[in-house]
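Please keep the sequence and the structure at hand while reading.

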Amino acid sequence: MRPASAIQLRFQGLSAAVQSYWPGLAVTAAVAIAARFLSDHYGAPAMLMALLLGIAFHFVSEEARFAAGIDFCARNVLRIGVALLGMRISVDLLVGLGAGTVLLLAAAIAATIAFGLVAARLLGRGWRLALLTGGSVAICGASAAMAIAAVLPRNEFSERNLIFTVLSVTVLSTLAMIAYPIVAQAMGLDDRAVGIFFGGTIHDVAQVVGAGFSVSPEAGETATLVKLIRVSLLAPVVLLISIATRNVPQPAGEGGKRPPLLPGFVIAFLLFAAANSLGLVPAMVSEGGMKASHWALLAGIVAVGMKTSLRRVLDVGGDAIALVVAETIFIGLFILAGIYFLEHAG
């Protein structure tokens, strides 16, 4: 009787969990599908659509029956999406691009985050916002913002800052997709240099691909490759931020214990990247993993949007906008200077 009773209790607990989570999961999935539909039919970035629709449905998160599922998407599903990004990464990418370009990208990421910390201090903004905006601009836009936010010590502005960062880098990335081809043509950059410039500076992957292939197939392929190298550097950056901030006191509602040295989703990211590098991930599985990553990130950002009111986002202030714009300009100039150096050093 005891084993049967234990099994029965487990099923009862599972049933209770499903009943608690499914309303929020269902509404988040529905909004994510709507965001994808709007993106496919009107050409707007899917992440931007997800964010705006999520904010529009903020009232849903105030309903108790939806809260658990929305919170689950904003935390767990979002981290699953970041972890699955590792399926895009392989050692072959690093080898194919060349040591000089890889070092340039690593230096640009470190310099942009450092610049963000200094600029935020001058503007009177906190280091959390600096790491969030600097990391998202330096690495891979919305995906990096969500990964970094997952390991940053939380405060009362955490969700507002994340929404602001995702919104700003997505808008700036879209503007860059339009403006940077004009800049590259005016500067007379060749296709390889164009690819390095776009892949090293534009925030989100989709906009990198769009800008690169609008110039030429070679520029598009190079830009995509460079962008994936930036994505591969997400894990070490998140690890370093986690180590640097893990002793910062957490609010009372966060459980009082220090976060793990290496978050689980970062470990999963690295394991997927290692498996892909060793050829252990079939192409069909890798493609399916990337689709799952896209939908998980889309659902995650919908949920984060639902949890944040637009009024709070607008309260972030003009100095925060100036910060993320300055970081975007900084990495652009840094990459252009690096391209010039590499061309003349060779």
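## Ser136 and its surroundings

Leaving aside residues up to four places away in sequence, Ser136 touches Gly141, Ala144, Ala145, Ile148, Thr165 and Val169. The model is a predicted one. Ser136 belongs to helix H7, which covers residues 127-138. Its relative accessibility is 0%, so Ser136 counts as buried. The side chain of Ser136 also reaches the backbone oxygen of Leu132, at 3.0 Å.

## The chain as a whole

The chain contains 17 helices and zero strands. Of its 346 residues, 50% are buried. Among contacts with a separation of 6 or more, 81% are between residues 24 or more positions apart.

Ser168 and Val325 are 157 residues apart along the chain, and their C-alpha atoms are separated by 8.6 Å. Ser168 is buried, with a relative accessible area of 11%, which is under the 20% cut-off.

## Helix H4 and the cysteines

Helix H4 runs over residues 64-84 and has 21 residues. At 1.5 Å a residue, H4 should span 30 Å, and the C-alpha atoms at its ends are 30 Å apart, which agrees. Cys73 is buried, with a relative accessible area of 3%. The buried residues of H4 are Phe66, Gly69, Ile70, Cys73, Ala74, Val77, Leu78, Gly81, Val82, Ala83 and Leu84.

How many disulfides does a search of the whole structure find? The search finds zero disulfides. Cys140 is another buried cysteine, at 3% relative accessibility.

## Helix H14 and what covers it

Helix H14 covers residues 264-277, which makes 14 residues. From its first C-alpha to its last, H14 reaches 20 Å, close to the 20 Å expected at 1.5 Å a residue. Just after H14, Gly279 takes a positive phi of about 75°.

The buried residues in H14 are Phe265, Val266, Phe269, Ala273, Ala275 and Asn276. What covers the buried residues of H14? The covering elements include H4, helix H8 (142-151), helix H12 (217-232) and helix H13 (234-245).

His58 is found in helix H3, which covers residues 58-61. Is His58 buried or exposed? With a relative accessible area of 18%, His58 is buried, the cut-off being under 20%. A polar contact of 3.2 Å joins the side chain of His58 to the side chain of Glu62.

## Aromatic pairs

A pair of aromatic rings is described by two values, the distance of the centres and the angle of the planes. How many aromatic pairs does a search of the whole structure find? The search finds six aromatic pairs. One of them is formed by Phe115 and Phe330, with 4.5 Å centre to centre and 5° between the planes, and this pair is stacked. Planes under 30 degrees apart count as stacked. Phe115 lies in helix H6 (residues 99-123) and Phe330 in helix H17 (residues 318-345), so the pair ties together parts that are 215 residues apart in sequence. Phe115 is partly exposed, with a relative accessible area of 27%, and Phe330 is partly exposed as well, at 23%. Phe115, Phe330 and Phe334 form one aromatic cluster.

Phe197 and Phe198 make up another pair, with ring centres 5.7 Å apart. Their planes are at 45°, so this pair is tilted. Phe197 is buried, with a relative accessible area of 2%, and Phe198 is buried at 0%.

Methods. Residues are numbered from 1 along each chain as its sequence is written. This is a predicted model: local features need pLDDT of at least 70, side-chain atom pairs count only at pLDDT 80 or more; totals for chains, interfaces and linings use all residues. Side-chain values use heavy atoms; hydrogens and water are left out. Rings of Phe, Tyr and Trp (its six-membered ring) pair if their centres lie within 6.5 Å; planes under 30 degrees apart count as stacked, over 60 as edge-to-face and the rest as tilted. Helices (H or I, at least four residues) and strands (E, at least two) are DSSP runs, numbered from the N terminus. Buried means under 20% relative accessible area, exposed over 50%, partly exposed in between (1.4 Å probe, protein chains only). A polar contact is a pair of N or O atoms within 3.5 Å; within protein, one must be able to donate a hydrogen and the other to accept it, and residues adjacent in sequence count only if both atoms are side-chain atoms. Contact means heavy atoms within 4.5 Å. A disulfide is a pair of cysteine sulfur atoms within 2.5 Å. The expected span of a helix is 1.5 Å times one less than its number of residues.
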